[in-house]
Each structure stands twice: as structure tokens, then as C-alpha cells.
Amino acid sequence: MKYAEVIISIAHKNVDRIFNYIVPESFEADLRIGMRVIVPFGKGNKNYEGYVIGFSKSSEIPFNKLKYIVSIMDKYPIFSENTIMLAKFMREKYYTTLAECLRCIMPSVVKDKVSRYVYLNREKKDFNVLFDKCVSRGNLQSRVLNFLLEFDGTSVNEIKMFLDINSAPITALEKKGLIQIFDREVKREVLDFSHVNFTKPFVPTDEQKMAIDFIKSKLYEKEKKPVLIYGVTGSGKTEIYLQIIDEVLKNGKQAIVLVPEISLTPQTVNRFISRFGKRVSFTHSRLSVGERFDQWKKAREGEISIMIGPRSAVFTPFSKLGVIIIDEEHEHTYKSETTPKYDAREIAREIGNITGSLTVLGSATPDISTYYKAKMGEFDLITIKNRVNRSFPDVNVIDMRKELEKGNKSVFSDELLNAVEDNLLNNRQTILFLNRRGYSTFVSCRKCGYVMECKDCNVNFTYHLSNDRLVCHYCGKNISNPKNCPQCGSKYIKYFGAGTQKIEEETKKLFPEARILRMDMDTTSGKHGHENILKKFAAGEADILIGTQMIAKGLDFPNVSLVGVIAADMSLNSGDFKCAENTFQMLTQVSGRAGRSAIKGRVFIQTYNPEHYSIKFAKNNDYISFYDYEIAVRKQMMYPPFTNIFFIMFTGEDEKKIIKALYKFLDIMLKFNKNNQFEHIGPAPAVISKIKSQYRWKIIVKGVVERNLKNYVLYCLDKLKEGKDLSGININITLNPVYIM
């Protein structure tokens, strides 16, 4: 008798353990580790999905109390043993259940696409006689047969489309035995390889060659540290990735390439397919669930060797993984904000430990904590100081306070306007960057000061020009733009601030002859939204590209010689301890889009705070000096990487109950804070104190040792739940969050 070790697909910690089930004899030949099964569970024996993670010949539970597996859901394993090991790591690292981790790793839909294909049944004894008799009639059946003489093995749908017929003649021919219809699995394609211009490896610069040779040597070492490539913008990191992957493929292995945003996927994919052709595929959330599943299956079956995509692509089921490359590794999008709250950089490192693959991280502005690990010897560090074209853009910082003093109330400084005009005259392209979505920041009354606010969320509405509506970007509520102030009734109510739509409108007024594209969340909502805009800009169909963060990094347009940053210091006011780092990274990355070819680049950074160190160091493209300054601040203030932060958020409709529960939680933590090894900040309302009628209060706990901090917080939460009515209160916890908001 064989027993299956099953994890039940229920996300509750009381069920987060292995349950033994009897494997019926009829299943023994087919059931394998990694398959999904249907099993009865609980007193009512309700059927649930389960995951088989092992087998045993004995069970501690008496035989008469064990239940039988009801059915097998899959034809093949969904999880490998390595995947199950990874899920166990995630359960401990991210304090969640194994079921949630396995669900995160597996594709959201596991279903093959099957099409029906038609073949002439030439094996039929009297086939020729019947065939001649049917053709000779000149009807729809004869048209089908004549079509199959030339295109045998065509799908039913294609025959119906080409011949403009219904299913009746095909069904009739099948009944006569003249044709046979078979089901065939069809994998959905997401790439068009018909217009690929193949490239050969470039001759590397001395710095690139050093990096390539070093990383190649690491591929063959048994014990592998992650490798961090700190290379300035335009230093040719992508070519390094390509040549490393070429080495990996030559050794019969496979590669995962992570990019931080969907917007970077099309350009990255094009570079990779021009080098590696049909061995490349990609995945991201804008694909259908069926398309994503098919790319997952191609990887699992070895039909492709390179997978490109955002965060979740790290779970690609390659069996011979050689390298995981994480481009723009500093980006916050590599960390999931939904359970399990995994960090793709940490996952890649653990996959390396399990599979023996190498993790390579690259950035012109590495995450402070990542660079600190490299300086401490935890990572191998490669530094590339020079651009491939040896030319850095000229960066100018514009003090917008002085612009206001001389009467310029526009969002554009005079110098930036002159530079844009000059670029247009010389047929060169311009990028205007704004870290803002929507038409403007807020709608306000200039007479009484009233600001239009979403009452459900305690945040300002944003004005959208396209439909003259006010939209809350937290709950989605939208209302008409008022003609009079709701508070004092005056007509002096209008939009203030600047959003991408307003920048676009002003740019069109100032430069009516310019061809302008806008790239933000509103214009890229479709499946191919990012790709279509970038293709147009790359093809020279626009002179100016206006956009948000999605155009600030990774993109390479040779004809872009000018970048204008409209509101450089906006992110300095977020209230987060990473605000200086985020500002420096954003300015350096977007500046790096200018002058990447033979054309000299120019950058204009508009700011009301030109003295801030993040802006000063960004002007000089000086990451090392910024790091030295910032790491000293972090050490003094005991922020990561010198400590860990646990962020706990209580939300609910009853604010008084939330506050009372949070202070009770603080009392419990103070009681168990032995030797004062943990620091508590709060309780306090969140920066956005109310969303969708839910009040939000937070408390922050700091601790040097991650495991101790995690155990302490989780233990205190359990104590709170034992003695406190928490109905109507949701508790959200995050270790080392992207933002402390």
C-alpha cells in the first residue's frame, strides 16, 4: 500500500501540514510527485484540490481513519522536487503557508489548448473508390476533399474559414470514413519571428570583456556567489548578458532574464530574439492566462531555453537552469506586495542554491542594500565606469524658484524650452519625464482653498482631461468636474499641478508642429500598449515622448539626445526613508536615456530643491559618492541594511476599534521585548489614512536579526489574537517593505 503526502490548497496555518491519503491501485502507475489531486477533507469530506509532495509506505494515522484520493487532475507533474524545496524556503522566509507558495509558483491556469485536425483516411480499404465518387459530385464534401489533397492535416476551424462552410460536410465525410479527425495539443505563440534581423556578438570593450570572462569563470564554480554588475547607463550591460547566456546555452543549459516592468519587455525580447531566435519566449501579466500557461509548458518541456519577463518569470520551470539575470535590480517591482510577499532577487538566489545556477544582478544605480552586500563580500562585484560610446550627457540642474522669480509660471523652464526647440530643428528626439499620472495633481478653489477630495479615501481627486472627470486613483471612484466650488460656491475652482496629460497639452501648444506620444498607465492599458508606443518612437514616428516611470529606465533610443525632468524632487517628499535613494535612482536612470549613440546628450533637471545631495550626486552621475553619503545616514538612523523593518498595518471600518487593538498589540510587544532588542515606532495613521471606507493604522518594529524580529512579531500577533476580539479588523504584515506608507 502506498500513501501520498498531500498539501491541501487551503491558505490557513492550521491546515499548513502534510496529510496522508491512500493511493488507489488504479492510480499507482500514473500518480507522481508534483501532481495535483482531488481529495476529501474535513468532517464533511468536501472535495479539495491538493498537491502531492511525496510518498511513504507507512502512516502514523491508523488505516481505517485514512481517506482515498478521489482523482488525479494532471497528466504530468506541475511541480518538480526542486520547486517543492523552493516553496518550503518561501514558507519560512515569508511567514506564509506552503499551499500559498505552491499556488504562487504554479501557473494560474493549467489547461492545454486542443484543436481538432482533419486527415484523409487513406488506410480505408475502399478509400479510392469512395473518394472518386464523392469528388465527382461537385458539392461541399468534394470541396473539402480537394482541399485536403493539398493541405492534409488542417484544423477543422481553418477548413471552415478557408472554404467558408459549416461543420456539416466535414461531419458527413467522417461518418463515411473518408477522413479522420484527431485532437492535437496546440501551444499559443506570443512572438512573431517572421521579421527577425539576426545579430552577432559585438566585440566587447575592455571593461565588458573583463566582466564576461569573470562571470563565465563563475558559471563553472561549484560554490557560486551572486554577481553584481554595477555599470553606468550605456555601459553595455545587455551585451554582457547576451554573451553570458550564449555560454550557458553552449553548455546545454537555460536562462531566465528578469526585467522590472512590462514596458521593458518588448525591447529586451527583440534584442534577445535577434541573437537567439526561437529559443526565446516571454511572459507577463498582459498575456492571457492561456498564453502564459503555454510559455510555462514550453519551458518545462525544453522547447525554449530563455525566458524573459517581470518578477514572476523567476518561477519558470527550466530543468537545466544555468543563470538567472536580474536587470535593473534596484527596482521595487521585484518585490511582491501580495501574499506571499516574495522578493525575486532572494528567490533567484535560493534557486541558485538548489539548482547550482548563477544569479547575476545588474544596475547603474544598485539598491543600497545590494551594494552593501557586495562591499561586504556577500556578492561578487564588477564595476564598469565607462559608456560604450565614452560620452556622458551634459546634465543641467534648473532652479525653478528662480524661474518663478522672473515671472515664468510654466512647468517648463526657459532653458528646457529652448533645448526642445533646438532638438526639433535638428530632427532629434526628446524625452520629457514626469513622475505623475493623470491630468493634474488636484482641483482647488482659489477663493476659499477647498480641495476636491475622495471622502472614502482621504486623498485628492485627480483631474482627467479626456472625459473632464475627477478620479480617485486608490478606489477608482470618479465624479464630474464641478463648475462652482462645493464649499463657497465661487467659480474660481480649477485644476492645479501638472500631470502627463497636462504636460502633453502644453507641449502641443508650445510646439504645434511636433509629433508627440504619451506613455503612462492610461495610454498603455491594452495588451500591446507599451510595445506599440515604443515601436512608433523607435521608428521615428514621434519627436517627443512624454511619460512616467516606465520610460525612465532600460530603454535605448539612439536618436534621443535630450531628456527633460519636469519635477525632479517630487519623490523627495514621500516621507519614506528611501526617498533620497529613489530620487537619485530615478534621475540617474532617466538621464541615461540621452546620448546613447554618437549624438551628444543633454539633460535638464528641474527642481525646487537643487541643494539636496541626491540631486547633486545625480547631476554628476556619481553613484559611489551618493552611496557613501547615504550609507552613513542609514547607519546613523539604523535603517536597512543595518537593521530590518517589520511593517504592521491594521485596517477596518471601525477606527476606534483599530486604534484600541493596535495599542493592545504594542503593550504585548513591550512585554515580550526582552533586553530591548526591538524598537517600536507608532502606532500612527498611515500616510493614506483611509481607502475604500477602511481606516488604516500602522506600527513599525525594527530589529537587527531578521529571524528574531520575525519570530517576535508573529509570536506577539498570536498573543493578541488569543485575547482580543479582532472581528472586522484586517492585519497586513510586511518584512522590509518597499515603502513605509
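**Note on a predicted model: loops, cysteines and overall build**

1. Proline 641 sits in the loop that joins α19 (623-637) to β30 (644-652). The peptide bond leading from proline 640 into proline 641 is cis, with omega near 15°.

2. There is another cis bond to look at. It runs from glycine 682 to proline 683, and its omega is near 5°. Proline 683 belongs to a strand, β31 (residues 679-691).

3. Now turn to phi. Most residues other than glycine have a negative phi. Glutamate 328 is not a glycine, yet its phi is positive, about 50°. Find glutamate 328 in the loop between β14 (321-327) and α11 (344-355). Is glutamate 328 buried or exposed? Glutamate 328 is buried, because its relative accessible area is 5% and the cut-off for buried is under 20%.

4. Asparagine 675 also has a positive phi, near 60°, and is a residue other than glycine. Its loop lies between α20 (655-671) and β31. Asparagine 675 counts as exposed, because its relative accessibility is 75% and exposed means over 50%.

5. How many disulfides does the structure hold? The count is 0. Take cysteine 488 as a case. The closest cysteine sulfur to its own is in cysteine 448, 3.7 Å away. Cysteine 488 is partly exposed, at 37% relative accessibility. Cysteine 454 is buried, at 0%.

6. Step back to the whole chain. It has 21 helices and 33 strands. Its radius of gyration is 30 Å, close to the 27 Å that the globule rule gives for 741 residues, so the chain is as compact as a globular protein of that length. The C-alpha atoms fill a box of roughly 95 × 70 × 65 Å along the principal axes.

7. Check the packing next. Of the 741 residues in the chain, 53% are buried. Among contacts with a separation of 6 or more, 75% join residues 24 or more positions apart.

8. Last, the surface and the charges. The chain exposes about 34500 Å², and carbon and sulfur atoms supply 49% of that area. There are 109 positive and 85 negative side chains. The centres of these two sets lie 3 Å apart.

Conventions
Residues are numbered from 1 along each chain as its sequence is written. This is a predicted model: local features need pLDDT of at least 70, side-chain atom pairs count only at pLDDT 80 or more; totals for chains, interfaces and linings use all residues. Side-chain values use heavy atoms; hydrogens and water are left out. A disulfide is a pair of cysteine sulfur atoms within 2.5 Å. Buried means under 20% relative accessible area, exposed over 50%, partly exposed in between (1.4 Å probe, protein chains only). Helices (H or I, at least four residues) and strands (E, at least two) are DSSP runs, numbered from the N terminus. The radius of gyration is taken over C-alpha atoms; the globule rule is 2.2 Å times the number of residues to the power 0.38. Contact means heavy atoms within 4.5 Å. Accessible areas come from the Shrake-Rupley method with a 1.4 Å probe; for residues, only the protein chains shown count as cover. Lys and Arg count as positive and Asp and Glu as negative; His and the chain ends are not counted. The place of a charge is taken as NZ of Lys, CZ of Arg, CG of Asp or CD of Glu.
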